[in-house]
Amino acid sequence: MSVKYAMLGILAQKDLHGYELKSSFDEKVGEFWSLNYGQIYTTLDRLEKEDLVTYDRQAQDKRPDRKIYSITRKGRKELDEWLATPVNRVRALRDEFFVKLVFMDKDDPAPVLELIEKQKALYLKQMNRLTLQKVALKKQPKKPDTLTTELLMDAGLFHAEADIKWLTLCESKIKAAMKSK
Amino acid sequence: MIELKNASKSYKQGSREVHALRNVSLTIRKGEFLSIMGPSGSGKSTLLNLVGGLDQPSQGEIFMDGKPLHGISDDELTLIRRRRVGFIFQFFNLLPILTAVENVSLPLLLEGTPFNQIQPRAVELLNQMGLGNRVEHRPEQLSGGEMQRVAIARALVTNPAVLLADEPTGNLDSHTSEEIFMLLKTLHDKGQTIVMVTHDPRAAAYGSRIITLKDGSLSEDIAIGGQAA
């Protein structure tokens, strides 16, 4: 479960209270992953019960104390192990488009061919937008997280490219199947 | 700046008539970075050849800055191509016996300009391409990415109105390709009009506009604005 490790990773850099943790999470992985405050606090509770994080109370004027969280030695060990372990699961092939393909009319592939064309154009447009964002990022002065952001953008581009290539193959195989009928 | 009006191109292959391009109308604006996508046989190279003055349409019209590229003599077309168009290719097409600075100077040498008048500009272009320390190297002493950067400098030496690129990174790895595209984007930011054909979506995605050809006709036209989002 990676939310847990993302939060441990953030706390390994700096002690933070819940609100700051959420901001840091959004800044680092928010492009790909959205979390609400509820999820942040539930996860923190769990991490605390597992002795992976601990907290200090900080008094505030006219408001309840707030908790400053920090990672424990056990938490750091678990984070390091997780960081060093390759991901075992290949990306799940769970895409809404696959379901559409399963239910296409085998006798009349024209609509699905049309859909494939629209889908390809859409992916290409997304790649276009992401590429121009990446170009803009690379022209800005480098910040500590620039490289990671760029690498994740690359991942998005490579995945979209794979989708387009696969859709092109679908097109060609469906057309060939039509001809051989 | 380049306008095609109902341009078609067909040629005979044995007794068969091949329609490489059918009725394409397209305006390429000044300062645009246009990517032309499509599978092999879709007509994208034919379209690039027409835009670059390497070929003329069988039917229809094509204009560069208002002047026709159709119905003119081969000599006139050659002159326009030499002075107004810069080319870069998948296999770089550098002359192996010439140094980088000589390769870059070549288009102007062919025009009859003496080398000592060209050299400062050629060196400056190589500097811009980050090749200041490769000026006297021959192609065999350069990496693929460096060779393509020499080729870009060569394409720019005439100050062309349009830079045409045919699968410019087809022979380079992903990281080197990205460096080439960052260079092209920098040129684009300075106002250079660029037209590139490619079958690679990751390459096409650098364009300010992407068109897709299918069986010789225009099928998609994507523009998300010339500026980076």
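**Close-ups of a two-chain predicted model**

**View 1. A salt bridge joins B:Arg202 and A:Glu161, with their closest N and O atoms 2.8 Å apart.** A salt bridge here is a side-chain nitrogen of Lys or Arg within 4 Å of a carboxyl oxygen of Asp or Glu. B:Arg202 sits in helix H7 (residues 201-204) of chain B and A:Glu161 in helix H7 of chain A, so this pair joins two chains. Helices are DSSP runs (H or I, at least four residues), numbered from the N terminus. A:Glu161 counts as buried because its relative accessibility is 6%; buried means under 20% relative accessible area, exposed over 50%, and partly exposed in between (1.4 Å probe, protein chains only).

A quick note before moving on: this is a predicted model, where local features need pLDDT of at least 70 and side-chain atom pairs count only at pLDDT 80 or more, while totals for chains, interfaces and linings use all residues. Residues are numbered from 1 along each chain as its sequence is written, chains are lettered from A and ligands numbered from 1 in the order in which they are written, and side-chain values use heavy atoms, with hydrogens and water left out.

**View 2. Here is where chain A meets chain B, with 21 residues of chain A in contact with 23 residues of chain B.** Contact means heavy atoms within 4.5 Å. About 2,000 Å² is buried between the two chains, and carbon and sulfur atoms give 67% of that. Buried area is the accessible area (1.4 Å probe) that two parts lose on being put together, summed over both. On the chain A side, A:Leu124, A:Asn128 and A:Leu132 lose the most area to chain B, together 29% of what that side buries. There are 5 salt bridges between chain A and chain B. One of them pairs the side chains of A:Lys139 and B:Asp189 (2.2 Å, N to O). Helix H6 (110-139) and H7 of chain A each give two or more residues to the side that touches chain B, and H6(A) brings the largest share, 15 residues.

**View 3. A:Asp154 is part of a salt-bridge network with A:Lys134, A:Lys138, A:Glu150 and B:Glu178.** You'll find A:Asp154 in helix H7 (residues 146-179) of chain A. Is A:Asp154 buried or exposed? A:Asp154 counts as buried, because its relative accessibility is 16%. Not counting residues up to four places away in sequence, A:Asp154 touches A:Lys134 and B:Glu178.

**View 4. A:Phe97 lies in helix H5 (residues 96-102) of chain A.** With a relative accessibility of 4%, A:Phe97 counts as buried. Leaving aside neighbours within four places in sequence, A:Phe97 is in contact with A:Leu115, A:Ile116, A:Gln119, A:Trp166 and A:Leu167.

**View 5. Within chain B, B:Arg83 and B:Glu111 form a salt bridge, their closest N and O atoms being 3.0 Å apart.** B:Arg83 is in helix H2 (residues 74-84) of chain B and B:Glu111 is in the loop between H3 and H4, so the pair ties together parts that are 28 residues apart in sequence. B:Arg83 is partly exposed, at 46% relative accessible area, and B:Glu111 is partly exposed too, at 30% relative accessibility.

**View 6. Helix H3 (residues 100-110) of chain B has several buried residues, including B:Ala100, B:Val104 and B:Leu108.** Helix H4 (115-128) and helix H5 (144-156) of chain B are among what covers them. After H3(B) comes B:Gly112, with a positive phi near 95°.
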